[in-house]
Amino acid sequence: IVIFLVVGWSLRDLERAKKMRYLAAGGGLLLLAVNLAFGVTMYGAKNWIFIGSMSFQPSELVKICFVFAGASAMDRIVTKRNLFLFIVYSGVVCGCLALMNDFGSAVIFFAAFLVIAYLRSGNLGTIALMCSSVGIAGVMVVKFKPHALNRFSAWRHIWEDPYGRGFQQTRALMCLAAGGLLGLGGGNGKLKSIFAADADIVFATVSEEWGLLIGVMMIAAIVCLAVFVVRSASVGRSSFYTISACAAVSILMVQTILNALGTVDFLPFTGVTFPFVSNGGSSMMSAWGLLAFIKAVDTRQNASFAIRLPSRKKEAAYE
């Protein structure tokens, strides 16, 4: 909540928000550099930093920095220079994530980049070219990164190795089916004893104990945020707020899709978190920070803390 309030405060003033783009861009790169230098490899990805008994994932906080930097840079684009710089910045971020074997986060950042680039350029040809280039890079990653290949090779083949690569997903599917529409009751599920039940496969955990209806409502809640942004984008105070809100909600949507559909094997299992639901302080901070961008696009006078109203003295003087 503190992250939400701090980011929301910084967004109240448009010029202040734009000035923070350099700080945000530098902060994001610094977090990734620290992660590369001092990160610890866990579950195949080098995306954890330990300080005593506390651990966190810098890539989660980089999402907030990325939206700040991307929206402010593209809002001010009058030449190809800013676009080029943002492309380079995005490439560096995704490259660092690839070096850390955090390909799930790389997909999320790339999706946000496409949204930001399209909103500003509107050029589908350029977007298609970028996707093709990333597709080629993806093939190279699968070829030279065994961890990514292992995750991808298990996709749609989890029942062929239910005690190995498909262990989590096969159990998730069985427990999800056992829960039915209404669930077994809080604490009565069996999936809670499986590794990452409260993080990577939390969609199945909630569905087993509270029912598939609640699981679908979790997804619907994120979809409602997307609908809110689409409806609010056309009346945004600035293209900065519109771009940042669309980028933020895109990150939340992609995370939700990868988590829910990866759990049930419709998509490759990437191990990303479900926004606001999965256990993890870094993920929760990131989700609340992104929510501040979504709230900032709200222009309703009595519903948005992001709009600075004129003081009573100024109103009196104007009258």
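Is S105 buried or exposed? S105 is buried, with a relative accessible area of 5%. Buried here means under 20% relative accessible area, exposed means over 50%, and partly exposed lies in between, with a 1.4 Å probe and protein chains only. S105 sits in helix 6 (residues 103-121). Leaving out residues up to four places away in sequence, S105 touches S59, L97 and V272. A contact requires heavy atoms within 4.5 Å.

A word on the model comes next. The model is predicted, so local features need pLDDT of at least 70 and side-chain atom pairs count only at pLDDT 80 or more, while totals for chains, interfaces and linings use all residues. Residues are numbered from 1 along each chain as its sequence is written, and side-chain values use heavy atoms, with hydrogens and water left out.

Now the whole chain. The protein has 14 helices and three strands. Helices (H or I, at least four residues) and strands (E, at least two) are DSSP runs, numbered from the N terminus. Of the 319 residues, 46% count as buried. The accessible surface comes to about 16100 Å². Carbon and sulfur atoms hold 68% of that surface. These areas come from the Shrake-Rupley method with a 1.4 Å probe; for residues, only the protein chains shown count as cover. Among contacts with a separation of 6 or more, 68% join residues 24 or more positions apart.

Turn to the interior. In soluble globular proteins, nonpolar side chains tend to be buried together. The largest nonpolar core here has 72 residues. Helix 12 (residues 239-263) gives the most to this core, with 13 residues. Such a core is a set of buried Ala, Val, Leu, Ile, Met, Phe, Trp, Tyr and Cys residues joined through side-chain atoms within 4.5 Å. The residues with the most contacts inside the core are L11, F66, F68, V93, F293 and I294. Take F68 as a case. Leaving aside neighbours within four places in sequence, F68 is in contact with V7, S10, L11, A17, M20, R21, A24, F240 and F293.

Two packed helices are described by the angle between their axes and the distance between the axes. Helix 1 (residues 2-11) and helix 13 (residues 281-296) pack at an angle of about 35 degrees, with axes 8 Å apart. Axes are lines fitted to C-alpha atoms, for helices over the stretch in contact, and angles run from 0 to 180 degrees between N-to-C directions.

Three strands form an open sheet in the order 1-2-3, with antiparallel pairing. Strand 1 (40-42) and strand 3 (54-56) stand at the edges with a single partner strand each, so one side of each has no neighbour in the sheet. The twist averages 45 degrees from one strand to the next. Two strands pair if DSSP finds at least two bridges between them. Two bridges join strand 1 to strand 2 (residues 45-51). M42 stands opposite A45, and V40 has W48 as its bridge partner. Three bridges join strand 2 to strand 3, where I49 stands opposite F56. Strands 2 and 3 form a hairpin with two residues between them. In that turn, G52 has a positive phi of about 65 degrees. Helix 3 (residues 21-38) lies across strand 1 and strand 2, running at about 90 degrees to strand 2.

Helix 10 (residues 202-210) is another place to look. Eight of its nine residues are buried, so helix 10 is largely enclosed by the rest of the structure. The buried residues are V202, F203, A204, T205, V206, S207, E208 and E209. They pack against helix 9 (167-179), helix 11 (212-233) and helix 12. Just after helix 10, G211 takes a positive phi of about 100 degrees.

Two loop residues complete the tour. A196 lies in the loop between helix 9 and helix 10. Its phi is near 65 degrees, a positive value in a residue other than glycine. A196 is buried, at 11% relative accessible area. F276 lies in the loop between helix 12 and helix 13. F276 is not a glycine either, yet has a positive phi of about 70 degrees. At 27% relative accessibility, F276 counts as partly exposed.
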